[in-house]
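Please open the model in your viewer and keep the selection panel at hand. The tour below moves from one selection to the next and says what is found at each stop.

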Amino acid sequence: MSVEKRQSPPTEGGHAVGLIIFILGVGTLLPWNFFMTATQYFNGRLQAPNGTSNATSEGTKDYNYDSWMALLSQLPLLLFTLLNSFLYQRVKEHFRVAFSLVVIFLLFSFTAALVQIPMEPDAFFSVTMATIWFINMCSAVLQGSLFGVVGLFPPRYSTLFMSGQGLAGIFAAIAMLLSILSNADKNSAALGYFITPCVATLITLLCYLLMPHLEFARFYLNRNQSDKPETTQKLLNSTEKKPLNDNAKDLEANGKIVEAEESQERSSVFAVFKKIWLMALCVTCVFAVTLSVFPVITVRVQTVYTDNQAWKKIFTCVCCFIVFNAMDLLGRSAPSLAQWPSRDSSLFPVAVFSRVIFIPLLMLCNVHDSKLPIFFRHDLAFVIIMALFSFSNGYLASLCMAYAPQLVRSKDCETAGSLMTFFLVLGLAVGASFSFLLGTLV
C-alpha cells in the first residue's frame, strides 16, 4: 500500500505548482529583456554632456550600446551554459538557483541605484557592461538549473515554464511602456522601471523556496532519478513528438523494440551531431539573423509622425519590443497546431535561410540618420515586417528544437537536446557579433 501511495501523485496542489513554475520561467529571462528594452534609457545616459572629454568635433561619442549589450549578454550565456553542465554534478541545485537569484537581485538593485547617481559616460558604460556580463552569467546558471528541476514534472509543466519565458519579454516591454506613460520625471520613471525586476526576482526566489514545501511538488522532486523523464527533450520540444518513419520509430512507439534499444549504449556526441547537424545549423541561423538586427537596427527606426510627441515617446517600445515579443510568443505556440514544412522536407532549410531577407528589409525602414535609402518609411510597414520577422523566429526555432530529437534514438534525445541548446546560444552570440557590422552600415 505504501508503494501505491508513493507512485500516485497527490490530487491537490498542481495548480499552485503550475503557477510557481510559470513564475520561474518568467524570472529566468527577465535580466536580458529588461536591459534590452531599456535601450533608450541607457543610450540617453551615454550622451556626453557639452564640454566634456567625450564630445568630439564630429559629435557625441558613439558607444554602440545595443551591439555591446547583445554581445556581452550572449557570451556569458554561451560560456556558462556549458559550465553548468559540469556544475550540476558538483554544486547542489538549491545553491545554484538561490545564489543566482540573489546575485541577480543585487545587480538589479545596483542598476536601480545608479539611476540617481551622476556619472561620466565612460564610467557609466563600463559599469553597465560589467553588470550585464555578471547578470547574464548568473542567468545562464539559473536557466540551466531550472531546466533540470522542471524536467522532473509532467510535460504540461514544462510548457508552462516555456510560456513564462515567452512572456518575460512582454512583461519587460509593458513595464517600460508604463514608465514612459507615467507623469514622473525621467529619473523617477527609470527608477520605477528597474525596481520592477527587483521585485519580480525576489518573488521568483520566494516561489522557488516555497515549491518544495508543497506536497504535489515534493512528490516529483523526491522521486527516484530513474523515474525522471528526459529533461532537455521535454523542455525544448513543446510540440508532440511524431514518428520518424514507418519502421524503427513506429516499432519503438508500439513497444516492440524498446527492450532491445535499452540494452544499447548511448551514441557519442559526434555520432548524434551527424544525425542532427542540419537542425543545429538551422537553429543557429534563425537566431543569428534575429540578433544581428534586433535590437541594434530595430530600435533606431523612428515614426513618421514626428509631430505627435506622445506617439513618438512610445513608438519604439510598442512597435519594436511589444510587437516582437507578442509575435514571437505566438510563433512558438503555433507548432502545436501545425508543423510545416515537415522535418524531412527540403523546404525547411530553405524557409530558415530565407529569413536573411529580413536583414535588408529592416535596414531599409525609417532608420534615424540612415546612410541607406529608405524604402519602408511608414510605421505600418515597419510593424508588418517586425511581425513577420518575430513570428518566423519563434515558429522556425520551435520546429528546429522539436524536430532534432526525432532524428535520434530515444536514449540519445538528451544529447541531441543539449547540442541544440548549445547551437541555439551560439546563434545568439554570432548574431550579436554580426550586429556590430550592420550597425555601421546604417
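Begin by selecting the lining of the second largest pocket, which by class has 18 nonpolar, 17 polar and 11 charged residues. Here Ala, Val, Leu, Ile, Met, Phe, Trp, Tyr, Cys and Pro count as nonpolar, Asp, Glu, Lys and Arg as charged, and the others, Gly among them, as polar. Before going further, note that this is a predicted model, in which local features need pLDDT of at least 70 and side-chain atom pairs count only at pLDDT 80 or more, while totals for chains, interfaces and linings use all residues. Residues are numbered from 1 along each chain as its sequence is written, and side-chain values use heavy atoms, with hydrogens and water left out.

**The pocket**

Keep the pocket in view: its lining is made of 46 residues, and T39, Q40, Y41, N43 and G44 are those nearest its centre. A pocket, on a 1 Å grid over the protein atoms alone, is an open set of points where a 1.4 Å probe fits, with protein on both sides within 12 Å along at least five of seven lines, and lining residues have an atom within 4 Å of a point. The volume of this second largest pocket is about 1700 Å³, where grid points are joined across faces, edges and corners and the volume is the space filled by probe spheres set on the points.

Colour next the helices that each supply at least two lining residues, namely helix 3 (39–45), helix 4 (65–90), helix 7 (155–181), helix 8 (186–210), helix 14 (309–333) and helix 18 (413–441). Which helix gives the largest share of the lining? That is helix 3, with six residues. Helices (H or I, at least four residues) and strands (E, at least two) are DSSP runs, numbered from the N terminus, and the protein chain has 18 helices and two strands.

Select T37, which is found in helix 2 (residues 14–37) and counts as buried because its relative accessibility is 2%; buried means under 20% relative accessible area, exposed over 50%, and partly exposed in between, with a 1.4 Å probe and protein chains only. A polar atom of the T37 side chain lies 2.6 Å from the backbone oxygen of N33. Leaving aside residues up to four places away in sequence, T37 touches A172, A173, M176, Y193 and F321, a contact being heavy atoms within 4.5 Å.

Y193 takes you into helix 8, where it is one of the buried residues, among them also F194, P197, C198 and Y208. Helix 8 has 25 residues and reaches 37 Å from its first C-alpha to its last, close to the 36 Å expected at 1.5 Å a residue; the expected span is 1.5 Å times one less than the number of residues. At the start of this helix, a side-chain oxygen of D185 comes within 3.1 Å of the backbone nitrogen of N187.

Move to helix 17 (residues 379–403), whose 25 residues should span 36 Å at 1.5 Å a residue, and whose end C-alpha atoms are 36 Å apart, which agrees. This helix is mostly covered, with 19 of its 25 residues buried. M401 is found in helix 17 and is buried, since its relative accessible area is 6%. Draw a distance from the C-alpha atom of M401 to that of V283, and the separation is 7.6 Å, although the two are 118 residues apart along the chain.

In helix 18, select L437, which is partly exposed because its relative accessible area is 45%.

**The loops**

Most residues other than glycine have a negative phi, and most peptide bonds are trans. Against that background, select F294 and P295, which are joined by a cis peptide bond with omega about 10°; P295 is in the loop between helix 13 (269–293) and helix 14. Another cis peptide bond joins W340 and P341, with omega about 0°, and P341 is in the loop between helix 14 and helix 15 (347–353).

N64, in the loop between strand 2 (59–60) and helix 4, has a positive phi near 55°. Finish at D369, in the loop between helix 16 (358–363) and helix 17, where phi is likewise near 55°. Is D369 buried or exposed? D369 counts as exposed, because its relative accessibility is 60%.

Technical notes:
Polar contact = N/O pair within 3.5 Å; in protein donor to acceptor, adjacent residues only side chain to side chain.
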